[in-house]
Amino acid sequence: MVFFIVDRLENDLVILESENKTFLQVPLTAFSSPVSEGSVVLVGADGKYYVDDAKTAARKAKLFQLQKNIFAD
């Protein structure tokens with residue numbers, strides 16, 4: 001399944017980054033729920049974009065652990 005990471009929000013657009021590092025501009029109205037930077041987003045069969053809360057939480061935990069390892073004494 002294809003997923004995107006929310007890179008940033010610009011006015012009424014959401015800038016998504018794909019797995020192959022390309023960017024996509026999607027209207028904010030295409031999202032079924034609130035979205036924020038760093039969220040993992042999937043595209044449903046209905047063409048709407050959905051935030052995957054479980055994958056977002058796992059991604060943030062992994063990034064936090066990497067940061068913790070870098071700055072450990």
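Predicted model: local features only at pLDDT ≥ 70, side-chain atom pairs only at ≥ 80, totals over all residues.

E10 has 34% relative accessibility, so E10 counts as partly exposed. Residues are numbered from 1 along each chain as its sequence is written, and side-chain values use heavy atoms, with hydrogens and water left out.

What does E10 pair with? E10 forms a salt bridge with R8, and the closest N and O atoms are 2.6 Å apart. A salt bridge here is a side-chain nitrogen of Lys or Arg within 4 Å of a carboxyl oxygen of Asp or Glu. R8 also meets D7 in a salt bridge, at 2.4 Å from N to O. Shared partners join D7, R8 and E10 into one network. R8 is partly exposed, because its relative accessibility is 33%. D7 has 31%, so D7 is partly exposed as well.

The count comes to three salt bridges by this rule. One of them joins K21 to E17, with the closest N and O atoms 4.0 Å apart. K21 reaches 60% relative accessibility and therefore counts as exposed. Side chains of opposite charge can pair when their charged atoms come close.

Now the fold. The protein chain has one helix and five strands. Along the sequence the pattern reads β-β-β-β-β-α. Helices (H or I, at least four residues) and strands (E, at least two) are DSSP runs, numbered from the N terminus.

Contact means heavy atoms within 4.5 Å.

Look next at strand 1 (residues 3-10). Two strands pair if DSSP finds at least two bridges between them. Six bridges join strand 1 to strand 2 (residues 13-18), and the two run antiparallel. Three bridges join strand 1 to strand 4 (residues 40-43), also antiparallel. F4 has S18 as its bridge partner in strand 2. In strand 4, the bridge partner of F4 is V41. F3 stands opposite L42 in strand 4. Strand 1 and strand 2 form a hairpin with two residues between them. In that turn, N11 has a positive phi of about 55°. In a regular strand the side chains alternate between the two faces of the sheet.

How many aromatic pairs are there? The count comes to one aromatic pair. F31 and Y49 form it, tilted, at 5.3 Å centre to centre and 35° between the planes. Rings of Phe, Tyr and Trp (its six-membered ring) pair if their centres lie within 6.5 Å; planes under 30 degrees apart count as stacked, over 60 as edge-to-face and the rest as tilted. The pair links distant parts of the chain: F31 is in the loop between strand 3 and strand 4, Y49 is in strand 5, and they are 18 residues apart. F31 is buried because its relative accessibility is 8%. Y49 is at 14%, so Y49 is buried too.

Finally, the whole chain. Buried residues make up 29% of the 73 residues. The C-alpha atoms fill a box of roughly 45 × 25 × 25 Å along the principal axes. Among contacts between residues at least 6 apart in sequence, 28% join residues at least 24 apart.

Technical notes: Buried < 20%, exposed > 50% of the residue type's maximum accessible area, 1.4 Å probe, protein only.
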